[in-house]
Amino acid sequence: MRRKPWGADALMVAAAVLLGSLVEPCAPAVAGSDHSSDTYAGDYTGGSLPTGTFIVLQYLGSSHADALIDSRGNEVPNSFANIWEEFTRFVYFSQLAGHPLVIEAEIPFATLTNVNIPGTNNLVAGGLVDPVVHLTYFFIADAKIQRWLGVTNYFYLPLGRSFNSQAPVNVSTARQFTDVPQIGYTEGLGKFTPALKSVFFDLVANASFHTNGNNPVTVINPSSAPFPGILTYDTLTQGTSYNIKAFLRFEPKTFLFAALGIEKSWGGQQTARNGGFAVTGLPLVIPQADLPLGRDDFLRGHFQFQAPLTRDFAVAGDVFHDFDRVGGLRNNIGAEVRLTKFFFPQPPSK
């Protein structure tokens, strides 16, 4: 039931900055956008784990973006980047009113390398991304009939590295708080026909609600300006982001599976507001129109797998590709490895 703290799909793109009628559009910039989740196929079956189970997970991921796509769907020529992320997740299984309650926390880090965004200095403000806490409550967690239904709420806390409005690439948000309610549903299909024994359907859907951000854009002496000055925008607003993913999963035995999935994300329009261009040496500030930046809009395919190495240790992976994207870095290919260590409760002594 874990969320995606940051990734190429979480990027905001400032495709054009207009200084009134005085300056032509300048180069794009990239900044973080907390949204959605990266729930693996089968994660919601974890609702059947015994109360008192504690899990530590380590994620390591890398992807290659072959293009930066602006908010209008246009590819920025000769743009590319490599994206890296890693984070540690802690999970504890409890109960509330006779139903499983899962309490989780994550500490994420991310950066970009081999970045080329034409017209910028390609500097990257990488490091600690906004940490996350989340809760999952299961209304149904029945391994016997192979049906699970849970509701998760993610709280993205704006405590990551400071946002650098002058860097063209940021992994953190502009100090935004994001709330992501999510529904997870899993159904075993073997009960309907013997031909589908060990086949499961997983569905995950969520919406991300964002507070306003601060100082999302600062450009000193824009190259397209006819005279020196500083362009700033004081406020970032962001619309609601939506995400849905579905998997068909083959799980011949516990903790061993392979799955194919499709994911669609849309919404999350980001807009810089309260802009002005302060002319150097003059008491003159030219007001700027609101600036559309980017949005959380992509179609992605997944191949996921997991294999248990021992009773209490498993290795999982996710290989993904963006079929389409608007407003962000398009992942040509990406992969993530997940290491999971289980600490099961000790049986009561007799």
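## Contacts of Lys191

Setting aside neighbours within four places in sequence, Lys191 is in contact (heavy atoms within 4.5 Å) with Ile145, Gln146 and Arg147. Lys191 sits in the loop between β12 (178-188) and β13 (199-210). Strands here are DSSP runs of E with at least two residues, helices are runs of H or I with at least four residues, and both are numbered from the N terminus. Lys191 counts as partly exposed, at 38% relative accessibility. On this scale buried means under 20% relative accessible area, exposed means over 50%, and partly exposed lies in between, for a 1.4 Å probe and protein chains only.

The model is predicted: local features need pLDDT of at least 70, side-chain atom pairs count only at pLDDT 80 or more, and totals for chains, interfaces and linings use all residues. Residues are numbered from 1 along each chain as its sequence is written, and side-chain values use heavy atoms, with hydrogens and water left out.

## Overall fold

The chain has 23 strands and zero helices. Its C-alpha trace spans about 85 × 40 × 30 Å along the principal axes.

Of the 350 residues in the chain, 51% are buried. Among contacts between residues at least 6 apart in sequence, 69% join residues at least 24 apart.

## Ala258 in strand β17

Ala258 is found in strand β17. This residue is partly exposed, with a relative accessible area of 32%. Beyond its neighbours within four places in sequence, Ala258 is in contact with Leu248, Arg249, Phe250, Phe303, Gln304 and Phe305. Ala307 is 49 residues from Ala258 in sequence, and their C-alpha atoms are 8.9 Å apart in space.

## Salt bridges

Side chains of opposite charge can pair when their charged atoms come close. The whole structure holds 15 salt bridges, each a side-chain nitrogen of Lys or Arg within 4 Å of a carboxyl oxygen of Asp or Glu.

One of them joins Glu75 to Arg330, with the closest N and O atoms 3.5 Å apart. This pair links distant parts of the chain: Glu75 is in strand β4 (residues 75-76), Arg330 is in strand β23 (residues 328-343), and they are 255 residues apart. Glu75 is partly exposed at 46% relative accessible area. Arg330 is also partly exposed, at 21%. Asp66, Glu75 and Arg330 are linked in a network of salt bridges.

Another salt bridge pairs the side chains of Lys245 and Glu263, at 3.7 Å from N to O. Lys245 lies in strand β16 (residues 241-253) and Glu263 in strand β17 (residues 256-267), so this bridge ties together parts 18 residues apart in sequence. Lys245 is buried at 1% relative accessibility. Glu263 is buried at 2%. A further bridge joins Arg249 and Glu251, with the closest N and O atoms 2.2 Å apart. Both Arg249 and Glu251 are buried.

## The largest pocket

The largest pocket has a volume of about 620 Å³. A pocket is defined on a 1 Å grid over the protein atoms alone: it is an open set of points where a 1.4 Å probe fits, with protein on both sides within 12 Å along at least five of seven lines, and lining residues have an atom within 4 Å of a point. Points are joined across faces, edges and corners, and the volume is the space filled by probe spheres set on them.

The lining has 28 residues, of which Gly42, Thr45, Gly46, Leu49 and Phe255 lie nearest the centre. The elements giving two or more residues are β3 (54-69), β5 (80-96), β16 and β23. Strand β16 gives the largest share, four residues. By type, the lining divides into 14 nonpolar, eight polar and six charged residues. Here Ala, Val, Leu, Ile, Met, Phe, Trp, Tyr, Cys and Pro count as nonpolar, Asp, Glu, Lys and Arg as charged, and the others, Gly among them, as polar.

## Positive phi angles

Phe255 is not a glycine, yet has a positive phi of about 75°. Phe255 is found in the loop between β16 and β17 and counts as buried at 19% relative accessibility. Asn274 also has a positive phi, near 60°. Asn274 lies in strand β18 (residues 270-279).
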